[in-house]
Amino acid sequence: MPDPLIPVSRRVGFLYLEHTRLDLGDGVPICESAEGATPIPAGTLACLMLGPGTSVTHAVMSELARLGCLILWVGEHGVRVYSAGKPGGAFGRRIGEQAGLINHPSDRLEAARRLYRIMLDDDAPSTRSIDQLRGLEGSWVRAKYTRLAQIHGVIWVGRDSKKADPINRSISMATSTLYGVTEAAILSLGLSPALGIVHSGDSRSLVFDIADTVKFRTVVPLAFRLVAENPGLKDLGLVRRGCRDLFVRNRLLERMVTIIEHVVFGHELGCDLHFKP
């Protein structure tokens with residue numbers, strides 16, 4: 001019988017399905033489509049993502065839970081996370097480890113420094129507290145927005161998610177898609193999205209933390225480019241589809257798992273941080 005406690009690091013990763021039906025065949029989860037029935041290696045999967053047009057039987061859900069495979073109901077290519085099935089196995093233990101980190105000031109500060117090292121592409125000052133690092137981040141973010149606006153020739157009056165101008169609306173759409181992929185990766189690792197390192201007090205605090213590490217490497221430049229290429233952009237679906245293709249092209253979901261393991265638990269950062277535009 002497959003071991004339901006196989007750690008994520010030893011599992012295959014993620015499988016995304018859409019427009020198919022999941023059932024059990026001889027006790028094995030299978031996906032049925034016009035091409036026939038295909039077995040799913042659920043015992044070695046970290047996460048099974050069910051996209052649009054997918055149906056699943058009760059028997060499959062029971063078996064996937066027994067195997068410790070997380071189920072996510074997502075939008076196209078995982079751009080949105082609508083719901084998550086409760087995983088089994090070692091997930092409770094991982095949340096305990098995560099909570100221990102958050103409650104230990106020096107460990108939390110070290111995790112914050114790892115986070116900012118990826119985000120800023122430079123070591124954060126060793127004498128700064130998390131609050132001071134957050135202030136440093138704010139200055140860096142404002143400078144990045146200004147620089148991107150200059151590069152793409154986009155009028156920029158500041159970031160405000162409530163504003164209806166094309167660039168602010170595009171950035172909001174782009175970052176929301178990144179949050180969806182990030183939350184999927186966090187849940188697949190058995191961690192709580194609410195237990196953040198820098199952010200706190202929100203049900204997606206860790207989502208915001210981890211997304212910040214790659215936001216200005218991926219979706220924010222894309223939002224500026226799309227607005228520059230489409231003056232007065234109103235079709236936010238163009239932004240969403242652009243983000244979807246960017247994520248698939250760069251295998252972002254798998255990279256996010258590595259980044260999370262590095263930031264939260266100090267594991268080696270086993271992926272590069274160069275993304276194809």
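Mentor: In what follows, two residues are in contact when heavy atoms of theirs lie within 4.5 Å. The model is predicted, so local features need pLDDT of at least 70 and side-chain atom pairs count only at pLDDT 80 or more, whereas totals for chains, interfaces and linings use all residues. Residues are numbered from 1 along each chain as its sequence is written, and side-chain values use heavy atoms, with hydrogens and water left out.

Trainee: Which element of the protein chain has the highest mean pLDDT?
Mentor: pLDDT is the predictor's confidence in each residue, from 0 to 100; its mean over the protein chain is 86, and 92% of the residues reach 70 or more. Over residues 1-9 the pLDDT is below 50, and that stretch has 19 contacts in the model beyond near neighbours in sequence. Helices (H or I, at least four residues) and strands (E, at least two) are DSSP runs, numbered from the N terminus. Among these elements, strand β1 (residues 13-17) has the lowest mean pLDDT, 76, and the highest, 97, belongs to helix α7 (residues 219-229).

Trainee: Which residues does T218 touch, not counting residues up to four places away in sequence?
Mentor: T218 is found in the loop between α6 (205-214) and α7. Its relative accessibility is 5%, so T218 counts as buried, where buried means under 20% relative accessible area, exposed over 50% and partly exposed in between (1.4 Å probe, protein chains only). Its partners, with residues up to four places away in sequence not counted, are L178, L246 and F275.

Trainee: What separates the C-alpha atoms of T175 and K215?
Mentor: T175 lies in helix α5 and is buried, because its relative accessible area is 7%. T175 and K215 are 40 residues apart along the chain, yet the separation of their C-alpha atoms is 7.2 Å.

Trainee: Which residues of the largest nonpolar core touch the most other members?
Mentor: A nonpolar core is a set of buried Ala, Val, Leu, Ile, Met, Phe, Trp, Tyr and Cys residues joined through side-chain atoms within 4.5 Å. In soluble globular proteins, nonpolar side chains tend to be buried together. Of the 71 residues in the largest core, those that touch the most other members are I197, F224 and I259.

Trainee: Which helix gives the largest share of this core?
Mentor: The largest core has 71 residues. Its largest share, 11 residues, comes from helix α5 (residues 166-188).

Trainee: How far apart are the end C-alpha atoms of helix α3?
Mentor: Among the buried residues of α3 are R108, Y116 and I118, and D121, which follows the helix, has a positive phi near 55 degrees. The 16 residues of α3 (residues 105-120) should span 22 Å at 1.5 Å a residue, which agrees with the distance between its end C-alpha atoms, 22 Å.

Trainee: Is V28 buried or partly exposed?
Mentor: V28 is in strand β3 (residues 28-33). Neighbours within four places in sequence aside, it is in contact with D23, P39 and I40. Because its relative accessibility is 36%, V28 counts as partly exposed.

Trainee: Which residue in β8 stands opposite V74?
Mentor: Strand β7 (residues 70-74) is largely enclosed by the rest of the structure, because 4 of its 5 residues are buried. It runs parallel to strand β5 (residues 45-50), with 4 bridges joining them, and pairs with strand β8 (residues 81-84) in the antiparallel sense over 3 bridges. In β8, the residue opposite V74 is V81.

Terms used:
The expected span of a helix is 1.5 Å times one less than its number of residues. Two strands pair if DSSP finds at least two bridges between them.
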